[in-house]
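Subject: Structure handover

Hi there,

Here is the structure I promised to pass on. Please have a look at it first, and then read on for what turned up.

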Amino acid sequence: MSFGKLAIIGLGLIGSSIGHAAKRGKVAGEIVGFDASEDVRARSAKLGFTDRVASTLEDAVKNADLVILATPVGAYKSLAESIAAHLKPGAILSDVGSVKGAVARDISPSVPKGVHFIPAHPIAGTEFSGPEAGFASLFDGRWTILTPPPGADEKAVADVRQFWEGLGAQVDVMDIAHHDLVLAMTSHVPHLIAYNIVGTAHDLEQVTEGEVIKYSASGFRDFTRIAASDPTMWRDVFLNNREAVLEVLGRFNEDLSRLQRWVRDGNGDALFDLFTQTRAIRRGIITAGQDTASPNFGRDKRSDGQEK
Ligand code: NAP
C-alpha cells in the first residue's frame, strides 16, 4: 500500500531518514517536509529526501494522509495543538518519539474526531543529528514499535505497520507502559550511564583530559559515541520517561553496589560468572541480526593495520 501524501514534521536525523527510506520504498505519492528552522528547511530542500519542503506547518499537513511528528518530544504538545484544525478526516497522525506515555498524554487531547492517532518508535539511530545525518537504510532490519491507544482503528494500525515495513523495518505492537520500561532499560539508562561516565572522566583530577582522549580505545570511546547524542532530544527523553528511568536506575544502582563489593572482596568467581553471562547477551544480539559480528563493531582498519 502507499499513502497519497506523507508529511514529515522535523527534518533531523529521523525525519530525513524517513524521507530517504520512503522514497526508496515508494510508500508515498508525495513527501512534504517541514521544520521550524528556516536554515534546516533550506538545507533539506537541497538534499532532496522530500518532494517539497513547505514553508508553513499548515501547508505541510493540509490534505496529508499520514503526518509524522519527528521533532524532539518536548515540541509535540504545541505541534499537535497547531496542526489539529488542518488535519483531514481519515488522516493518520503518528510520531517517532523515544517515549510513549508522555507522547500519548501530550498529543491525544488535540487529535480531532475522525483522525487516527497511531504512535510509533523506530529503534534505530546514530549519535548525529540534522538533515544531513539521515540515510535510507537506517531502519533496515531494525524494529519499530507501535503503541496504538486502546480501541485504535485496526486498518490504521495495519497501514502504519505496512508503512514502516516499506521503510525496511520489522514491526511490533506494544502496550505504552511496557514500551517505556523496556526502552528505559535498553536505551535511556544506557545513555544516562554513558553521559555520567564521560562526565566523570572530564572531572577526574588525577587523570588529564589529554590522557583520557589518548588512551580512549581501551573502552571509554565506545561510551563517548553514545554520550555525543543530541542534548535536546535526550533532555526531553529524561523529562518525559521519569518513572521508568528511575525504576531501572534503582535496580542498576543495587547491582553496581554488588559489583563494588565483589571487587572489594576480590570475589573473582562471582565476577567471572557475571562476565560470562553478559558475553552471552552480546552473542544473542548478533544472532538476532541487531549488530555486526566483526571485531570492534566492524570499525575499519587504518592503513597501518591498527583499528581506527
Ligand atoms: P534532530 O536530528 O535534532 O532533528 C529534530 C529536528 O526537529 C530539528 O531540525 C529541529 O530544529 C526540529 N524541530 C524542533 N522543534 C520543532 C518544531 N516545533 N517544529 C518543527 N521542527 C522542529 O533529532 P532526531 O534525532 O531526528 O530526533 C527526532 C525524534 O526522533 C525525537 O522525538 C526522538 O525522541 C526520536 N528518535 C530519535 C532517535 C535517535 O537515535 N536520534 C531514535 C529514535 C527516535 P532545530 O534543530 O532548529 O531545533
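Let me start with a helix pair: Leu259, Trp262 and Val263 of helix 11 meet Ala270, Leu271 and Leu274 of helix 12, where contact means heavy atoms within 4.5 Å. By class, this contact has six nonpolar, no polar and no charged residues (Ala, Val, Leu, Ile, Met, Phe, Trp, Tyr, Cys and Pro count as nonpolar, Asp, Glu, Lys and Arg as charged, and the others, Gly among them, as polar).

Before going further, please note that this is a predicted model, in which local features need pLDDT of at least 70, side-chain atom pairs count only at pLDDT 80 or more, and totals for chains, interfaces and linings use all residues. Residues are numbered from 1 along each chain as its sequence is written, and side-chain values use heavy atoms, with hydrogens and water left out.

Helices here are DSSP runs (H or I, at least four residues), numbered from the N terminus. Helix 11 (residues 242-265) and helix 12 (residues 268-287) pack at about 135 degrees with their axes 8 Å apart; axes are lines fitted to C-alpha atoms over the stretch in contact, and angles run from 0 to 180 degrees between N-to-C directions. That makes helix 11 oblique to helix 12 (under 35 degrees is roughly parallel, over 145 roughly antiparallel, 65 to 115 roughly perpendicular, and the rest oblique).

Helix 7 has two partners to look at. With helix 10 (residues 231-240), the axis of helix 7 (residues 176-203) comes within 11 Å and crosses at roughly 120 degrees, so these two helices are oblique as well. Ser187, His188, His191, Leu192 and Tyr195 of helix 7 touch Trp234, Val237 and Phe238 of helix 10, a contact with five nonpolar, three polar and no charged residues.

With helix 9 (residues 220-227), the axis of helix 7 comes within 8 Å, again crossing at roughly 120 degrees. Residues in that contact include His191 and Tyr195 of helix 7 and Phe220 and Phe223 of helix 9; by class there are ten nonpolar, two polar and no charged residues.

Now the ligand: 27 residues surround it, the closest being Leu13, Ile14, Asp35, Thr71 and Ser98 (a heavy atom within 4 Å counts as near). Ligand oxygen atoms lie 2.9 Å from a backbone N or O atom of Leu13, 2.6 Å from a side-chain N or O atom of Ser98 and 2.9 Å from a polar backbone atom of Gly130.

Best wishes

Methods: A polar contact is a pair of N or O atoms within 3.5 Å; within protein, one must be able to donate a hydrogen and the other to accept it, and residues adjacent in sequence count only if both atoms are side-chain atoms.
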